Amino acid sequence: MAHFKTTGPTRKGLGNSVSNSKSSLAALTLGAIGVVYGDIGTSVLYAIKEIFGSGHVPFTHANVYGVLSIVFWTLTVIVSLKYVVLVLRADNAGEGGLIAMLALASQAVKDRPVLRKWLLVLGIFGTSLFYGDGVITPAISVLSAVEGLEVISPAFKQYVVPITLLVLLALFMVQKRGTGGIGKFFGPITVLWFLSIAVLGVSHIIGHPEILGAMSPHHALRFMWQQPGTTFIILGAVVLCVTGGEALYADMGHFGKKPIRLAWFSIVMPCLTLNYFGQGALLLESPEAVKNPFFNMAPDWALLPLVLLATMATVIASQALISGAFSVTKQAIQLGYLPRLNLLHTSEHDTGQIYIPFVNWGLFAAIVLAVVMFKSSSNLAAAYGIAVTLDMLITTVLTFFVIRYGWKYPLSLCLLATGFFFVVDLAFFASNLLKLFAGGWFPLMIGGVVFGLMMTWKQGRTLMLNKQQAEALDLDGFLASVFLMPPTRVDGSAVFLTPDTGTVPNALLHNLKHNKVLHQQNLFVTVLSHPVPWMGVAQRLQVKPLGHDCWQVVIHYGFKDNPDVPKALALLREHGCELQAMTTSYFLSRDLVVPSLGGGMALWREKIFAQMHHNAGAAAEFLKLPSNSVIELGSQIEI
């Protein structure tokens, strides 16, 4: 690679464009409220209900104070301190999320290959768990909102599941149209939701203002000291109040740190606190309201509008997770952990708005299964928590390696900063393990299946590449021998896509064998993805002249870039190699994977990999090659 040269003008990534955007801070803050905080904002629907509805907490004045204090300090420690203050600082070129954190951590320990390998496995496992969360959260959110109909009249109970499924079906059906049209309503609707829940809370706090005393940590500490066993058990329900905390970090690239922090401290945290304490005041006054304290806070005339508003809020919260699933899938494809999938852009202006049909309908099928299996938000609450708390643990571990080896902070400070959060996350995770057989297995099963597929694809691709490298010819030596007695040269340019630089593509061998000609210009192109969000155009190409109008080209992309090979190759004109669209042909090898005994993986995994490879989306479409200029030549590879 020492002989390569980079070319192209400089381009700024999305992280920089956020800070330089003409959009006002208020507009970005409004957008953050709609997208980032929809999930955590709807947790008021079920968190308190599940804590007291579990039957583990005796209904006393002191216990209500203790539980509210635990909820308040859980929000403070996990969301305010961990995510808003600490984790948001770990941006990768302005981007956030577990894959961005993984990229930072792996880069920080690149001189420790064994540690780097295990961190990659840990990060990919955490990414896989996101899909389990992406199934449970829409199911429990929408179901808990529609269950408000039962408060209006018990007769509506039989319609809760069908209405929930219809709402979810409508949500998934509009995904292919993109969220650009309806997205502008997300912020205002979610702000209305937060103001409404704050008003509901205040209406009950007025009758019992002393309930605000539960903000004092001594109530939480006294509860934990007097009832350690009960505290451990209810942490599995308390964690419901921080659902969506990961979204704070994942959506940083879209809004920036300041709007996310401003939205949390000015709107979201105060409104959530007022509502939770309002529910506590209601329970002090009417213990029987524990069946559904949130909807029992509202007067009868406001119940139906509140159910409709709650449903809209939960749909918005679900939309954020669905869009997140699309983005995570695209990033995993770019990093080589999933096969190419059919990916559609739903906006001409925002490249981040994408739609992946397979992921969309796969999520919908799993969510329908969850709703039909569990039937109520209370049952789903038993399934919720394990995947989320495990993700939180993984984020904390990766944060340690980023601040220790990436930022070079002192070891004692790193252990102090992340050790505290690790203990808190571990306590929540251990408590949620109690729900493993009550439903916690469901999101773990989904995450485990996705993780297995990701690792199978990654290992299978490595085996394929090793096999190809072992059998490949050296490109420089091959071209030297070819030009001793050169074949007929024909007008135009040939672009040979190859996974490895410096080796002869199979497509070239087939072309020479069958057509016995060589194009006037020949480009040997390798597309590489890197564990950074964006690669500027200045780093897009590496070019090495091979002589005889032959060029070796490496195209670099980040995991959030959209590959476009023709657009990247247009930069070659600076090197005197200009491609004409009408006379350029793209040659690809279409490999058929043949599983075999004694290969690098178990035979059943090789068969799964072969099927995934067979069903992978077309490389030409993924790389945006012109369909009328693509020639695919097949070959078999035994792994």
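Helices (H or I, at least four residues) and strands (E, at least two) are taken here as DSSP runs and are numbered from the N terminus. By that convention, Thr395 is found in helix H21.

The structure is a predicted model, in which local features need pLDDT of at least 70 and side-chain atom pairs count only at pLDDT 80 or more, while totals for chains, interfaces and linings use all residues. Residues are numbered from 1 along each chain as its sequence is written, and side-chain values use heavy atoms, with hydrogens and water left out.

Thr395, at 1% relative accessibility, counts as buried. Contact means heavy atoms within 4.5 Å, and, leaving aside neighbours within four places in sequence, Thr395 is in contact with Tyr83, Val87, Leu98, Met101 and Glu246. Ser585, which is found in strand S8 (residues 584-594), also counts as buried, at 18% relative accessibility. Not counting residues up to four places away in sequence, Ser585 touches Ser493, Ala494, Val495, His519, Ser629 and Ile631.

**Helix packing**

Two packed helices are described by the angle between their axes and the distance between the axes. The axes are lines fitted to C-alpha atoms, for helices over the stretch in contact, and the angles run from 0 to 180 degrees between N-to-C directions. Angles under 35 degrees count as roughly parallel, over 145 as roughly antiparallel, 65 to 115 as roughly perpendicular and the rest as oblique.

Helix H9 (residues 160-173) packs with H19 at an angle of about 170 degrees, the axes being 11 Å apart, and the two helices are therefore roughly antiparallel to each other. On the H9 side the residues that meet H19 are Val161, Thr164, Leu165, Leu168, Leu169, Phe172 and Met173, and their counterparts in H19 include Trp361, Phe364 and Val372.

The axes of H23 and H27 come within 9 Å and cross at roughly 85 degrees, which makes H23 roughly perpendicular to H27. This contact is made by residues of H23 including Leu453, Trp457 and Met464, together with Arg605, Ile608, Phe609, Met612 and His613 of H27.

**A nonpolar surface patch**

Patches are made of residues with over 30% relative accessible area and no salt bridge, with like charges joined within 9 Å and nonpolar side chains (Val, Leu, Ile, Met, Phe, Trp, Tyr) joined within 5 Å. Accessible areas come from the Shrake-Rupley method with a 1.4 Å probe, and for residues only the protein chains shown count as cover. One nonpolar surface patch, of about 740 Å², is made by Leu369, Met373, Trp441, Met445, Val449, Leu453, Trp604 and Ile608. Helix H19 (357-374), helix H23 (441-471) and helix H27 (603-615) each supply at least two of the patch residues, and H23 gives the most, with four. Met373, which lies in helix H19, is partly exposed, with a relative accessible area of 38%.

**Salt bridges**

A salt bridge is a side-chain nitrogen of Lys or Arg within 4 Å of a carboxyl oxygen of Asp or Glu, and by this rule the count comes to five. The table gives some of them.

| Salt bridge | N to O distance |
|---|---|
| Lys82 and Asp425 | 2.7 Å |
| Arg112 and Asp111 | 3.5 Å |
| Asp476 and Lys544 | 3.8 Å |

For the pair of Asp476 and Lys544, the salt bridge links distant parts of the chain, with Asp476 in helix H24 (residues 475-482) and Lys544 in strand S6, 68 residues apart. Asp476 counts as partly exposed, at 40% relative accessibility. In the salt bridge of Lys82 with Asp425, Lys82 lies in helix H5 (residues 61-86) and Asp425 in helix H22, so the pair ties together parts that are 343 residues apart in sequence. Both Lys82 and Asp425 are buried. Arg112, by contrast, is partly exposed, with a relative accessible area of 36%, and Asp111 is exposed, with a relative accessible area of 58%.

**Positive phi values**

Most residues other than glycine have a negative phi. Lys408, however, has a positive phi near 60 degrees, and this residue lies in the loop between helix H21 (386-406) and helix H22 (411-432). Lys408 counts as exposed, at 62% relative accessibility. His548, which is not a glycine either, has a positive phi of about 55 degrees and lies in the loop between strand S6 (541-547) and strand S7 (550-558).

How values were computed. Buried < 20%, exposed > 50% of the residue type's maximum accessible area, 1.4 Å probe, protein only.
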